[in-house]
Amino acid sequence: MDLTTGKDMRTTRRVECAVMLALAVTAMPTTASAICIETPLEPQVAAAQAIFIATITKATLDLPADAKEGTWFKVRYNFRVDRRIKGDPTIVTSLITGGAYNDPNSERFVTFAEQSRLVPGDNILVVADKPGEVGVSTLPGCTASRPWNQETYDETRSLPGF
């Protein structure tokens with residue numbers, strides 16, 4: 001059988017790729033993060049105590065002084081309220097995202113964090129179901145609070161109050 005032509009060559013390449021992928025995965029000391037399951041925004045908006053559009057004004061890293069590889073941390077965001085949609089925005093103390101610390105001097109990654117990165121000036125739809133911190137994500141479906149952009153506008157424009 002000639003493995004350098006036609007279907008047999010494609011099969012050989014697929015097997016080679018599968019073996020290399022399996023070796024790479026077993027050699028990497030990482031932990032997996034869960035992917036968010038998208039839930040409809042409408043019931044989250046209906047149940048929320050406060051909904052508003054905010055602009056991030058400051059970002060602060062909450063990283064423990066003794067952070068080791070894989071230590072989870074928060075980024076805390078100060079904000080100003082640009083448009084109140086529902087309830088009292090003062091119930092929200094800060095907006096937060098999280099991630100896992102990877103030592104820049106390390107020769108390997110302990111975890112691949114799915115951290116959303118926000119900066120001052122970013123506009124956010126904040127949906128708070130209780131007082132306190134509110135998690136924000138740029139990944140679809142991870143939180144009801146998300147960047148206020150065309151996609152979010154299109155998703156919310158038919159909802160009551162918007």
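Buried means under 20% relative accessible area, exposed over 50%, and partly exposed in between, with a 1.4 Å probe and protein chains only. This is a predicted model, in which local features need pLDDT of at least 70 and side-chain atom pairs count only at pLDDT 80 or more, while totals for chains, interfaces and linings use all residues. Residues are numbered from 1 along each chain as its sequence is written, and side-chain values use heavy atoms, with hydrogens and water left out.

I'll start with the salt bridges. The structure holds six of them, a salt bridge being a side-chain nitrogen of Lys or Arg within 4 Å of a carboxyl oxygen of Asp or Glu. Glu155, partly exposed at 28% relative accessibility, forms one with Arg146, and their closest N and O atoms are 3.3 Å apart. Arg146 is buried, at 8%.

Glu133 and Arg76 form another, with 2.4 Å between the closest N and O atoms. Glu133 lies in strand 5 and Arg76 in strand 2, so this pair ties together parts that are 57 residues apart in sequence. Strands here are DSSP runs of E, at least two residues, and helices are runs of H or I, at least four, numbered from the N terminus. Both partners are partly exposed, Glu133 at 32% and Arg76 at 22%.

Six strands form an open sheet in the order 5-3-2-1-4-6, with mixed pairing; two strands pair if DSSP finds at least two bridges between them. Which strands stand at the edges? Strand 5 (132-135) and strand 6 do, each with a single partner strand, so one side of each is left without a neighbour in the sheet. Strand 1 (residues 50-62) and strand 2 (residues 72-86) are antiparallel and share eleven bridges.

Last, the aromatic residues. The structure holds three aromatic pairs. Rings of Phe, Tyr and Trp (its six-membered ring) pair if their centres lie within 6.5 Å; planes under 30 degrees apart count as stacked, over 60 as edge-to-face and the rest as tilted. Trp148 and Phe162 are stacked, at 6.4 Å centre to centre and 20 degrees between the planes. Trp148 sits in the loop between strand 6 (146-147) and helix 3 (150-156), and Phe162 in the segment after helix 3, 14 residues apart. Trp148 is partly exposed at 21%, and Phe162 is partly exposed at 22%. Ring pairs link Trp148, Tyr153 and Phe162 into a cluster.
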